[in-house]
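Please open the model in your viewer and keep the selection panel at hand. The stops below are meant to be followed in order.

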Amino acid sequence: KERLTSLLQLRDRGPAIADRAFAQLVYGGDHPYGRPLSGTEASTRALTRADVQRFYAAHWRPETATLLVVGDVRADDFVRRAERAFGGWRAADGAPATVAAIPAPRAAGATQVYLIDKPGAPQSSVRIGLVGVARTDPDYFALRVMNTILGGSFTSRLNQNLRETKGYTYGAGSSFDMRRAAGPFVARAEVTGTKTDSSLVEFMKELRAIGDTVPQGELQKAKTYLQLGLPGDFETTGDVAGQLAPLVVHGLPLDWYDGFGARVGAVTQADVQRVARTRVDPSRFVVVVVGDRKSVEP
């Protein structure tokens with residue numbers, strides 16, 4: 001009942017409508033990345049207690065779990081505690097755990113614009129993007145630097161253009177959601193409804209321009225931003241655990257962060273230009289706009 005109530009509330013939230021529509025349009029409703037994690041009203045109503053139990057038995061398994069502890073602990077003492085707490089954890093049916101295969105996304109077509117009507121909406125929710133990359137992509141660092149310049153920081157091109165210069169939005173940005181398989185790249189903002197068309201023009205201008213040569217000063221600023229921001233990601237024990245857990249999920253070495261600063265520093269202008277041109281292709285975008293159709297469409 002709580003989930004059905006939250007899904008009902010989402011129907012009136014433009015940003016949520018845009019996020020759900022964007023994922024489905026990029027990946028298709030039959031792809032796991034195209035389906036919302038919170039489900040739909042139909043899937044929620046159909047869910048049974050037996051479904052939950054089957055899912056738990058198949059996926060919450062000791063042989064695929066990693067126990068990660070950060071704090072003022074001694075290894076020998078913790079191992080004893082862990083064995084006492086979890087030593088009896090065994091798979092209920094004895095069958096090996098399964099990891100769901102993630103199918104390839106459907107091929108991208110030519111750029112299309114989808115307008116979803118939200119009558120009377122004072123603002124429009126804009127999402128522009130395509131299938132991006134997996135977390136283990138070899139261009140990870142070049143992509144991080146490129147996106148920092150494009151839309152990954154407050155002083156990024158998108159935010160400076162649409163917020164500071166034009167005043168169309170409180171904030172505009174972009175991101176690569178890197179997952180086990182290729183997650184989405186998306187540029188996004190909630191913009192003044194009467195400036196929806198103008199906002200799309202500025203979005204596309206910046207998404208094309210990032211493929212040009214990036215000035216050396218702008219490149220160095222982005223690299224320094226990422227390098228100096230890393231220590232803050234390890235400030236608390238919770239932060240440390242949060243940074244280490246993805247290494248386990250994606251099969252990365254535990255010393256991965258040791259070379260972070262150097263690898264960011266090694267990114268060149270040519271690297272940024274190359275990944276921008278190959279991974280941010282304006283000819284293959286899905287563009288989603290949720291707003292007042294009557295005023296926006298013309």
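**First stop: a buried serine**

Select S125 and E190, whose side chains make a polar contact with each other at 2.4 Å; a polar contact is a pair of N or O atoms within 3.5 Å, where within protein one must be able to donate a hydrogen and the other to accept it, and residues adjacent in sequence count only if both atoms are side-chain atoms. This is a predicted model, in which local features need pLDDT of at least 70 and side-chain atom pairs count only at pLDDT 80 or more, while totals for chains, interfaces and linings use all residues. Residues are numbered from 1 along each chain as its sequence is written, and side-chain values use heavy atoms, with hydrogens and water left out.

S125 is found in strand β2, residues 123-131 (helices are DSSP runs of H or I with at least four residues, strands are runs of E with at least two, numbered from the N terminus). Because its relative accessibility is 2%, S125 counts as buried (buried is under 20% relative accessible area, exposed over 50%, partly exposed in between, with a 1.4 Å probe and protein chains only). Now show what S125 contacts beyond its neighbours within four places in sequence, among them G14, P15, A18 and V288, where contact means heavy atoms within 4.5 Å.

**Second stop: helix α2**

Next select residues 14-27, which form helix α2. Its 14 residues should span 20 Å at 1.5 Å a residue, and its end C-alpha atoms are 20 Å apart, so the two agree; the expected span is 1.5 Å times one less than the number of residues. The buried residues of α2 are G14, A16, A18, A21, F22, V26 and Y27, and what covers them includes α1 (2-10), β1 (112-117), β2, β4 (184-192) and β5 (286-291). After α2 comes G28, with a positive phi near 90 degrees.
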